[in-house]
Amino acid sequence: KGQPLMYARDTTYELCKTPADYKACHDFFKAESEHPTRIKEGLQDHAYTFEKITSPTVKAVRDGKVIAVMATKTWRGCEDHIANPVHIAYDLKNHVPVMIRLIDTYENELRRLKVPHYKILAPSYKSSVRKIFELYKKAVVVSRSSDKRLNIYLVPVVS
């Protein structure tokens, strides 16, 4: 029997507005940081640490559970919107539809705020993520993390 199948069409994408929304995002990040897949991806040394996230932050919710988050973080001295952290649940069989809708919802809010572009830290080792940003979003790699695991993209917000 198992659990019922859940599909991308059963997912809602919500802007975080309340402290409870942000708490749900942090709870999701913390739970995912303990997932066994992190070891397969070589992330066992990257423990969850609470970092303040701000608006806009989008959460994807399916069957009452957060399954993905695209958050905004601010860094002192940087005026760009930084989409980080961004994570989709390891247990999803196909993350691509969720990722595309998460990005679209995030960008809709940036469009409303008249933000022309944003930066995002994205795994360089995930070909689907590279394709989404480089082909679908026409983003440009502006930097890489020192360990080469993350590409830092500049993503235009097209009107």
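Let's start with H3. At 1.5 Å a residue, its 17 residues should span 24 Å, and the end C-alpha atoms are 24 Å apart, which agrees. The expected span here is 1.5 Å times one less than the number of residues. Helices (H or I, at least four residues) and strands (E, at least two) are DSSP runs, numbered from the N terminus.

Seen down the axis of H3, its buried residues fall within an arc of 160°, so they line one face of the helix. The arc is taken from the directions that run from the helix axis to the C-beta atoms. Which residues of H3 are buried? They are Val98, Met99, Leu102, Ile103, Tyr106, Glu107, Glu109 and Leu110. Buried means under 20% relative accessible area, exposed over 50%, and partly exposed in between, with a 1.4 Å probe and protein chains only.

A word on the source. This is a predicted model: local features need pLDDT of at least 70, side-chain atom pairs count only at pLDDT 80 or more, and totals for chains, interfaces and linings use all residues. Residues are numbered from 1 along each chain as its sequence is written, and side-chain values use heavy atoms, with hydrogens and water left out.

Now the end of H3. Leu113 sits in the loop between H3 (96-112) and strand E5 (117-123). Leu113 has a relative accessible area of 39%, so it is partly exposed. Its C-alpha atom is separated by 9.6 Å from that of Pro56, 57 residues apart along the chain.

What is the strand order? It is E1-E2-E3-E4-E5-E7-E6: seven strands, an open sheet, mixed pairing. At the edges are strand E1 (11-15) and strand E6 (140-144), and each pairs on one side only. The twist averages 25° from one strand to the next. For such angles, axes are lines fitted to C-alpha atoms, for helices over the stretch in contact, and angles run from 0 to 180 degrees between N-to-C directions. Two strands pair if DSSP finds at least two bridges between them.

Take the pairs in turn. E1 and strand E2 (residues 54-62) are antiparallel, over five bridges. There, Thr12 stands opposite Val61 in E2. Strands E3 (residues 65-73) and E4 (residues 81-88) also run antiparallel, joined by five bridges. E4 and E5 pair in the parallel sense, over three bridges. Ile82 has a place in both stories: it is the bridge partner of Lys73 in E4, and it stands opposite Lys119 in E5.

Last, the rings. How many aromatic pairs does a search of the whole structure find? Three. Rings of Phe, Tyr and Trp (its six-membered ring) pair if their centres lie within 6.5 Å; planes under 30 degrees apart count as stacked, over 60 as edge-to-face, and the rest as tilted.

One of them joins Phe28 and Phe29: centres 5.9 Å apart, planes at 50°, so the pair is tilted. Phe28 and Phe29 are buried. Another has Phe133 and Tyr153, with centres 5.5 Å apart and planes at 20°, so this pair is stacked. It links distant parts of the chain, 20 residues apart: Phe133 in helix H4 (residues 127-136), Tyr153 in strand E7 (residues 150-156). Phe133 is buried at 0% relative accessible area. Tyr153 counts as buried too, at 0% relative accessibility.
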